[in-house]
Amino acid sequence: METNNNILEIKDLSVSYTVANVVTHVLEKVNLTVPKGKSVGLVGESGCGKTTTMRAILGVLPSNANIESGEILFNGTDVLKMPYNQLQEFRQTGAGLIFQDPSSALNPVISIKKQFLTSLKYAHKDKNYSSAQLYDKAIEALNAVSLADPKRIMNSFPFQLSGGMRQRVCIAMTLAGEKELLLADEPGTALDVTIQDQILRLIKNLVETLDLSVIMVTHSLGVIRQVTTEVNVMYAGSIVEGGDTHQVFEHPSHPYTIALMDCLPKLTGTGISEGIPGRIPDYDHPPAGCRFYPRCTYALDRCKSEVPGKTIVEDDHWVACFAAEEGKVCPK
Amino acid sequence: MLLFKSIMKRLASSIVVLLGLTIVIFALMKAVPGDPARLALGPNAPEEVLEHYREVNHLNEPIPVQYFYWLSNAVQGDFGTSSYTQRAVSQDIKDFAPATIELVIWAGIPPLFVALFLGVISAQHKNKWPDYLTRFLGYIFVATPTFVFAVLFILIFGYWLPVMPTIGGRLSPQFTIAPVTGMYIVDALIGGQPAAAWDAFLHLLFPALALSLGKTMQEARITRASMLQNADKDYITMVTSQGVPKKIVNRRFLLKPSVIPTVTVMGMDFASLFGNAFLVERIFNWPGLSSYGMNAILNKDSNAVVAVVLIIGLAFVGTSIVVDIVAMILDPRMRQARTR
Amino acid sequence: MTPERKESIVRNWYKFSAGGASVVGLIIVIVIIILAIFAPIIAPYPEDAGAVVKFSESKLPPSSKHLMGTDTMGRDVFSRLLFSLKGTLLMGVLVLAISVPIGFIVGVLAGYYRDTWIETVLMRIVDIFLSVPALVLALAIASIMEPNLRNSMIAITIMWWPWYARLTFGVVSSLRTENYITYAELTGAGLGHIIVKEFLPNTIDQILTKMTLDIGYVIIMGATLSFAGLGEQPPIPALGNMINDGVKFLPDMWWLTIFPAVTIILIVLGFNLVGDGVGNIFNVEGN
């Protein structure tokens, strides 16, 4: 893979939060690459650091977060080192974030119109659109996300809209900015399954027609299979397996990935899966070695103290696991 | 339309509350120990005169009937005679109210903007010296009772750095101001007397400060807290992530949702100024309704006490209705919420 | 002590002490409590807490012999101040100890019987008490009784419970429709059981936070009544009546006012800082 072919490269990103004097190491050396024009998946349990990664890309982490090390290269430039003006430009034209919870992503006391037009104005700052032009663009974007009666929506306040409508408004706001990279943080998860499905299909269509690059964050492998060409499996703040979506699904190599797939309900299955025993570790006292070690059925002695490196499984598929390295992991 | 409907609902429930308040106050008046006729007419009044007084004032009727008589008089603005000033209570109130209104307006409205300003500055410079200073003063001022402020001001600004007129009152004796609005500073300016206006301002400044400093810092603190809390909300992250400059985000998207909780608190604080004014007016010899009420309380002048408490209750309820309206204008969600 | 319990105490202490100010508050409060308890031992002139007259010592400014000077009757201000602390603290604690349970019960009943006449009646009564500044009605109530510490506490208590009724009502009425409450009812749990097992645990954080923040306000109101002459009566010392006595002798005998004034500020400051820390433990935004 050549560097200039990648729109985004995250290298060894570590992020911690400080809550009441306790430092929690949420992201530990995250590596993630998005080739131009591709949809890349990021999958993992709730609380494993997916949202933190997305926010770090745009430099909008909560005020108690601290980026400890790493690089986030957007078209070869490190976002973390950008001066304010360049960072603003990156946010305006480079990447846009779709939030997980549409009900909290819209300002409750300000009309949709004001929110939409303000963010649109800055997204197209260089083009000097008039407010009438901006308004037309907003209406167009609302139409594009299949919202009926966009003019009424523009004059509404968020609480007057349904959850699905709010999510569509958020997507429209992000897409109308015509950015190069779309960060979709579990879009629709907070909504009904049917609406969630609609939203996903909508994003997929838009990505295909607009030729965007996407990071699709989700905890659902089904979504990954439908939407992405590459996948990264995240566990407790680190990426444990990654590569071509087909290859990863064909030959899952990390015990965690295997366990995740076992959790998928299958039509031919014998009932509801048992889930993965144990839970994500405390980030204030993470295990010294592999973070999955306490829950892992294949755990070796060295897993306790050593952090596994990358092992190539296939041409476009890698895993970070000692057991897999030694060929001791065999999918059921 | 919704706005109008919720205001009407609010008014209706306020009337119920005020009626309830009259019952409480009336009960309080009846609980004053001693014969009301004796209290009103003095120890030397002969029994026939007392009996006549009781008859005229319906004191021989059962208590609920008395309440009815009292209420129908009160609604018409007749609160009886003050046993202390020997004048109609309603006349006393008319004479003393403007001074209190002037004081409360000055202690209520300008500090509101100061509080918002300090809160915003404090939040924007979190953990830098403007924030530390605001918070430090905030802790001290919030912990200081208003009467302590008043006493300390007299000592510091009345005697040690004599900038404040120590005799108190509203105006130095060499000035006379033709009454127009009843508020001296305004009236002096209307009458073209800048020196008198300045004098009135100096008289007003310290009582107003004593009344408002604690509340102001409290409100600044709430504004700061809600600014900081909202700064990490998704809807702020959303616009920031779209590349809207920080200044615009703060001004257009952060300030409004952060100010709404403060406005509600401010309204209640404004209304409670009438209460705290009781001692401040007395300490500064401010000839207002509250010092009149305080004298009435200390002299067990029940007609006057009841009238003052009721008037203040009215002002309190009126203010909270205004606050609700402001909050509804600011916060579209409240227009729909059930108001109680 | 189990390790989990120990860890949760450590965690709560971190939350409490974040920023450091609450620790200062805690120290102030502890010192004040110790001074109040041991006033008879610490006070250099314990007899000065009563109606003593020592003309030879009157009107002395602060010195090594009289740390805070003496009043017009020659009594040591420092000793009197120490003796006033007990009443001040009692005021804060007792008023809340009585008004909080009353307010809680009223709030729970109104919330549990939401949308019935019981809610209407109870909450309207609450509204009536909240429709006048608390200080005004407390002054009026205190004035019809014999002026002393106990009666001023009663007057403040009457004005204080409605706040807790409103707080509890808010929480309980929103919990009322939760499934687990309905479930508890269906399994035959009585109201008393639901109150203790469901409503109390859900409101206790907010109530405790408000209580620690309120102690300071109750003390302020008590001192205000005392300053107005409706609290503890001379010769018994109270912070409010000491300041009231001192005002007449400003500016010459400034020590009569300054020391009690600073003491009130310190006490209230201490409790407010502790209240902030408690709020941090429970993640309740205090105001």
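Two residues are taken to be in contact if their C-beta atoms, placed from the backbone, lie within 7 Å. In this predicted model, the contact between chain C and chain B takes 37 residues from chain C and 43 residues from chain B. Chain C has 11 helices and zero strands, whereas in chain A four strands form an open antiparallel sheet.

**Chain C overall**

- Read along the sequence, the pattern of chain C is α-α-α-α-α-α-α-α-α-α-α, with no strand present.
- The C-alpha trace of chain C spans about 80 × 50 × 25 Å along its principal axes.
- Of the 287 residues in chain C, 47% are buried.
- Considering contacts in chain C between residues at least 6 apart in sequence, 69% join residues at least 24 apart.

**The contact of chain C with chain B**

- To this contact chain C gives 37 residues and chain B gives 43 residues.
- On the side of chain C that touches chain B, the elements giving two or more residues are helix H5 (117-129), helix H6 (134-143), helix H9 (191-227), helix H10 (239-247) and helix H11 (255-282) of chain C.
- That side of chain C comprises 26 nonpolar, eight polar and three charged residues.

**Helices H9 and H11 of chain C**

- The axes of H9(C) and H11(C) come within 8 Å and cross at roughly 170 degrees.
- Angles over 145 degrees count as roughly antiparallel, and H9(C) and H11(C) are therefore roughly antiparallel to each other.
- From H9(C), the residues making the contact include Asp205(C), Leu208(C), Thr209(C), Thr212(C) and Leu213(C); from H11(C), they include Ile264(C), Ile267(C), Val268(C), Phe271(C) and Asn272(C).
- By class, the contact of H9(C) with H11(C) has 13 nonpolar, six polar and one charged residues.
- H9(C) and H11(C) are also among the elements that give two or more residues to the side of chain C touching chain B.

**Helices H5 and H9 of chain B**

- Helix H5 (residues 89-124) of chain B and helix H9 (residues 194-231) of chain B have axes that come within 7 Å and cross at roughly 35 degrees.
- The crossing of H5(B) and H9(B) is right-handed.
- Where H5(B) meets H9(B), the contact residues divide into 17 nonpolar, five polar and four charged.

**The open sheet of chain A**

- The four strands of this sheet lie in the order E2-E1-E4-E5 (chain A), and their pairing is antiparallel.
- Strand E2 (22-35) and strand E5 (77-78) of chain A are the edge strands, each pairing on one side only.
- Two bridges join strand E4 (residues 65-74) of chain A to E5(A) in the antiparallel sense.
- Leu73(A) stands opposite Asp78(A), which lies in E5(A).

- Strand E3 (residues 39-43) of chain A is mostly covered, with five of its five residues buried.
- Ser39(A), Gly41(A) and Val43(A) point one way from E3(A), while Val40(A) and Leu42(A) point the other way, and all are buried.
- E3(A) pairs in the parallel sense with strand E8 (residues 213-218) of chain A over five bridges.
- E3(A) also runs parallel to strand E9 (residues 230-235) of chain A, to which four bridges join E3(A).
- Gly41(A) stands opposite Met216(A) in E8(A) and opposite Val231(A) in E9(A).

Definitions and conventions. Residues numbered from 1 in each chain as written. Chains lettered and ligands numbered in written order. Predicted model: local features only at pLDDT ≥ 70, side-chain atom pairs only at ≥ 80, totals over all residues. Nonpolar A, V, L, I, M, F, W, Y, C, P; charged D, E, K, R; others polar. Axes fitted to C-alpha atoms, helices over the stretch in contact; angles between N-to-C directions. Left-handed = near helix turned anticlockwise from the far one by under 90°. Parallel < 35°, antiparallel > 145°, perpendicular 65-115°, else oblique. Pairing = 2+ DSSP bridges. Buried ≥ 20, exposed ≤ 12 C-beta atoms within 10 Å, placed from the backbone.
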